[in-house]
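Dear colleague,

My findings on its pockets follow it.

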Amino acid sequence: MSDKFNDILNEIKSTRSVLTVFLPSTQTEVELSPLTLAQQKLIIESTSDTTLGVLFFNNIFYKILKDNLNGNIKDYNTIDRVNLTLALRQHLKDSIDEESDETVSKLLTRNKDIPYNIEPVTVTTGDFTFTVQAPTLDVDNFVNTHLLNKYKNTSFDDNKLKNLISDLYACEILKFVKSIKINDKEVNLHNELTQSIKVLESIDSIHFKQVTDYINTVRDEEAKYTKYTVGDKSIDITPDL
């Protein structure tokens, strides 16, 4: 590449604007660079597979956030992802639909006032003790990548689709259960995913009742940040940026 093009690229990088985004989990603000054209192309490409589309989107979006965030992505969770997505959307287009005067800016302002009550919990059931918490973006991506690698070359018939759905269910639990202890044996489940899934699948499902209740609470919390400030409608944050 010629020196002139290198100079232009360096100038673009040095003059790139920065967004300031409030993150619920830390109750602080973080700097975030807007999407480049190349990143928008990646998001568009992530929508091509309807079966694995959400996983592809979250995988691509994680990589974008890792590049664009001025901070350690391991410090932020999936609830924070909503505000980060909204901020990128607002930078491109503030209006949401033609039927209302709702804007992304209004949502982001309102979201600063939503009480954040999601904390890690310890669930004891039978002989098991689970450490449960909202998944960090790093863990969420780790598990999603595992699923994508498993199914990336799969042609989905009814049986394969059933396998995917069951794997999604197990992996959803895995995202939230950081560690498991039985008697005096304890293991971190976010290191070796294949073996961790086998451990979880060997446990009587009745022991996951409190875990799934916690998962539903977190997912409901994420949904609060997408709701319009007036009425019951919500903004779709994937993947139309």
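This is a predicted model: local features need pLDDT of at least 70, side-chain atom pairs count only at pLDDT 80 or more; totals for chains, interfaces and linings use all residues.

Residues are numbered from 1 along each chain as its sequence is written, and side-chain values use heavy atoms, with hydrogens and water left out.

The largest pocket has a volume of about 600 Å³. Of its 30 lining residues, those closest to the centre are Val54, Asn58, Arg81, Glu172 and Arg219. Here a pocket is an open set of points on a 1 Å grid over the protein atoms alone, where a 1.4 Å probe fits, with protein on both sides within 12 Å along at least five of seven lines; lining residues have an atom within 4 Å of a point. A volume is the space filled by probe spheres set on the points, which are joined across faces, edges and corners.

Helix α7 supplies the largest share of this lining, seven residues (helices are DSSP runs of H or I, at least four residues, numbered from the N terminus).

Asn58 lies in helix α3 (residues 53-68). Asn58 counts as buried because its relative accessibility is 11%, the limit being under 20% with a 1.4 Å probe and protein chains only. Beyond its neighbours within four places in sequence, Asn58 is in contact (heavy atoms within 4.5 Å) with Arg81, Asp140 and Asn144.

The second largest pocket holds about 190 Å³ of space, and α6 gives the largest share of its lining, three residues.

Yours sincerely

Definitions and conventions: Helices (H or I, at least four residues) and strands (E, at least two) are DSSP runs, numbered from the N terminus. Buried means under 20% relative accessible area, exposed over 50%, partly exposed in between (1.4 Å probe, protein chains only).
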